[in-house]
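Biologist: Please put the model up. I would like to go through its sheet and its salt bridges.

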Amino acid sequence: MRNPYDVLGVSRTADEAEIKKAFRKLAKTYHPDRNANDAKAKDRFAEVNQAYEILGDAKKREQFDRGAIDAEGKPRFTGFEGFPGGGGGRAGGFSGFEGFPGGAGRAGGFGEDIFSQFFGEAFRSAGAAGRGAQKGDDVAADLTITLEQAASEATLRLALPTGREVDVVVPKGVADGQTIRLRGLGHPGRGGGEPGDALLTLRVAPDPRFQVEGADLRLSVEVPLEDAVLGGPIRVPTLTGAVEMKIPPMTSSGRVFRLRGKGLPKKDGSRGDLLAAIAIVLPAGTDEALADYARKRRSQKATAG
């Protein structure tokens, strides 16, 4: 392992905030989710994590700085520094093992209390570094819904690329092309890591009747000439079925009426409106009475003009 300061690209005098900032930047750059086909990036990611495990922990950083542990967090044999130059073999010569009486160098106590502790910690550190738990890969999927399903916050069955089938509730205020994250429904993690997520893009299918304007809906309602002239109730289609709406006499084509709460749901729980534009429809075929009326009206206007 390289020096953790070199791995993170910080100086030995760097403070906690600098170390954390450097780690986050490098972890984002080399994260396996962004480099699925780059083995070197995965190794670099593991190296960055190992470096931060040392420098991100105040106690471990202090131990590394004074040489008590190495770059992998393993203890060093610093206790042997008190060994006499001639290599004397008596236990009292191990001045680095403070707390051991000079005559307490028998093999049983020494081996169990010192070497077993040392090697046990070393193997635990090596095991933790080798596991390399990584989050599983995300998967992407598309789901096409109707306006009615968007309006009713329907629950739909979806087959994911992983082969798993799940029930998806259409969220309030969903927009065409919006992507939602389904936590833990991606590929399994590696080395005990958590599973990835499913990124679901929702597509709202076009509806021949309605034009979507945010949470509002707009449509054209055909009205016979006599109803436009005389006024009265007309039937207006909505996403939840037709409703009755009353128009006043002499309603012109193109006039817009607002039906409140008949649009799409919003994220705050309220709903948009339905904007109904009147389109006057003339009778099919020839209508002599209507034609005579139109001629008289034209003549009166010409005389008045």
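Predicted model: local features only at pLDDT ≥ 70, side-chain atom pairs only at ≥ 80, totals over all residues.

Modeller: Residues are numbered from 1 along each chain as its sequence is written, and side-chain values use heavy atoms, with hydrogens and water left out.

Biologist: In what order do the three strands form the open sheet?

Modeller: Strands are DSSP runs of E, at least two residues long, and helices are runs of H or I, at least four, numbered from the N terminus. Two strands pair if DSSP finds at least two bridges between them. The sheet is open and its pairing is mixed, with the order β1-β5-β4.

Biologist: Which strands stand at the edges?

Modeller: An edge strand here has a single partner strand, so one side is left without a neighbour in the sheet. That applies to β1 (139-145) and β4 (179-182).

Biologist: In what sense do β4 and β5 pair, and over how many bridges?

Modeller: Strands of a sheet pair through backbone hydrogen bonds, either parallel or antiparallel. In β5, L199 is the bridge partner of R181. Strand β5 covers residues 198-204, and its pairing with β4 is antiparallel, over four bridges.

Biologist: Where do D137 and R190 lie, and how many residues apart are they in sequence?

Modeller: Their side chains meet in a salt bridge (a side-chain nitrogen of Lys or Arg within 4 Å of a carboxyl oxygen of Asp or Glu), at 3.8 Å, N to O. D137 is in the loop between α5 (107-131) and β1, and R190 is in the loop between β4 and β5, so the pair ties together parts that are 53 residues apart.

Biologist: Which residues do salt bridges with shared partners join into one network?

Modeller: A search of the whole structure finds 19 salt bridges. One of them pairs R218 with E213, with the closest N and O atoms 2.8 Å apart. The network formed through shared partners joins K135, D138, R181, R183 and D197.
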